[in-house]
Amino acid sequence: MNDELAPILSSLPEPAAPASLTATVMARIEREAIAQPLGAAARARQERSRDVWLWITASVGVLLVVGAVASSWYVHGLPDVFSPRTVRGGIGAGFAGWQATIAGIAGLILCLRALFAPLRSR
Amino acid sequence: MTDADRDAAIVREAIAAIRLGHRDAYAGIVTLYQRRLFALALMMTRDPAGAEDVVQDGLVRAFLHLDAYDINRPFYPWVSTIIVRLAQNWLVQRSRVRLREGTALESEPDAPAGAEDALTALITDERDRRLWNAVSSLSSGERTAVILFYRQDMPVHAIASVLGVSTGTVKTLLFRGRKKLRKELV
């Protein structure tokens, strides 16, 4: 396509920026850099990203525990919480089979990791 | 060495110095790009005072987010993305002010009163001013695409990234812009 406008538009003027622009920008940077050191934005992004991962970890943990307990209820029916057998069985009594037990324990570990991660990072 | 290579070298050196703590090295980048950025902002806002604010804010913001800039990519498209976003926000804010003031709601506000006089001071040549006014009468997207493509030699895919649209949309904006300008300029 023959663009007859190209030579005309390529000569579109570029007005000069105000003479004080560079000085004004550098002065503002000095003020803002004191208030917010270089790299602070990157650190804030990293922290937000870490928080998202903590939430995902905790959610996966909760899902694993709920899934393990739900599978047990599905197999054995709802537990009688007043039954001495349920109380004595403890955590193992809540899960059906070793797979569900491992999933439940893994889920609890993930939840605890996510819960205490902010303390570990201090 | 082409102009683009020279500019890239200046930017790399400046950023390396800034990352070592020499903030004043950023003045070299500001000086290198301020004219282009000001022209872009002025074309979008059609208001010299507004363009100055947009460019100032944009350059400060670019400095504060330099850690997000990939040094292996050209600097100008990255910083002009910031300028374009700020100019778009500026246009939206001004539309809201006009709406609150009770003036008729238009798809895009006219250039403010007094901007014509300020523009005359910036572009003294009448032929240049006629060309500038012709382009600035286009819609916001069209005039932004036209100045980036024709005057600032930015490729279509880079303009698409700056504007946050597809390359097809950029081509449509350029096509429509050319169609309108052909009547005035050719």
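**View 1. Where α2(B) meets α6(B).** Ala39(B), Leu42(B) and Met43(B) of α2(B) touch Trp132(B), Val135(B) and Ser136(B) of α6(B), contact meaning heavy atoms within 4.5 Å. By class, these residues are five nonpolar, one polar and no charged; Ala, Val, Leu, Ile, Met, Phe, Trp, Tyr, Cys and Pro count as nonpolar, Asp, Glu, Lys and Arg as charged, and the others, Gly among them, as polar. Welcome to a predicted model, in which local features need pLDDT of at least 70 and side-chain atom pairs pLDDT 80 or more, while totals for chains, interfaces and linings use all residues. Residues are numbered from 1 along each chain as its sequence is written, chains are lettered from A and ligands numbered from 1 in the order in which they are written, and side-chain values use heavy atoms, leaving out hydrogens and water.

Helix α2 spans residues 26-45 of chain B and α6 residues 126-136, and the two pack at about 55 degrees with axes 9 Å apart. Helices (H or I, at least four residues) are DSSP runs numbered from the N terminus; axes are lines fitted to C-alpha atoms over the stretch in contact, and angles run from 0 to 180 degrees between N-to-C directions. The pair is therefore oblique, the term for angles that are not under 35 degrees (roughly parallel), over 145 (roughly antiparallel) or 65 to 115 (roughly perpendicular). The crossing of α2(B) and α6(B) is right-handed, that is, the near helix is turned clockwise from the far one by less than a right angle.

**View 2. α2(B) against α3(B).** Here α2(B) packs with α3(B), residues 48-64, at about 140 degrees, the axes being 8 Å apart. This crossing is right-handed. Among the residues in contact are Leu37(B) and Phe38(B) from α2(B), with Val54(B) and Leu59(B) from α3(B). Sorted by class, the contact has 13 nonpolar, two polar and one charged residues.

**View 3. The meeting of α8(B) and α9(B).** What angle do α8(B) and α9(B) make? They pack at about 100 degrees, with axes 8 Å apart, which makes α8(B) roughly perpendicular to α9(B). Val156(B), His157(B), Ile159(B), Ala160(B) and Leu163(B) of α8(B) meet Thr167(B), Val170(B), Lys171(B), Leu173(B) and Leu174(B) of α9(B). Seven of these residues are nonpolar, two polar and one charged.

**View 4. Chain B facing chain A.** Now step out to the interface, where chain B contributes 41 residues and chain A 32 residues. Together the chains bury about 3600 Å², 68% of it on carbon and sulfur atoms; buried area is the accessible area (1.4 Å probe) that two parts lose on being put together, summed over both. Leu64(B), Tyr150(B) and Arg151(B) supply 18% of what chain B buries against chain A, more than any other three residues.

**View 5. A salt bridge from Glu4(A) to Arg182(B).** The closest N and O atoms of this pair are 2.6 Å apart. A salt bridge puts a side-chain nitrogen of Lys or Arg within 4 Å of a carboxyl oxygen of Asp or Glu.
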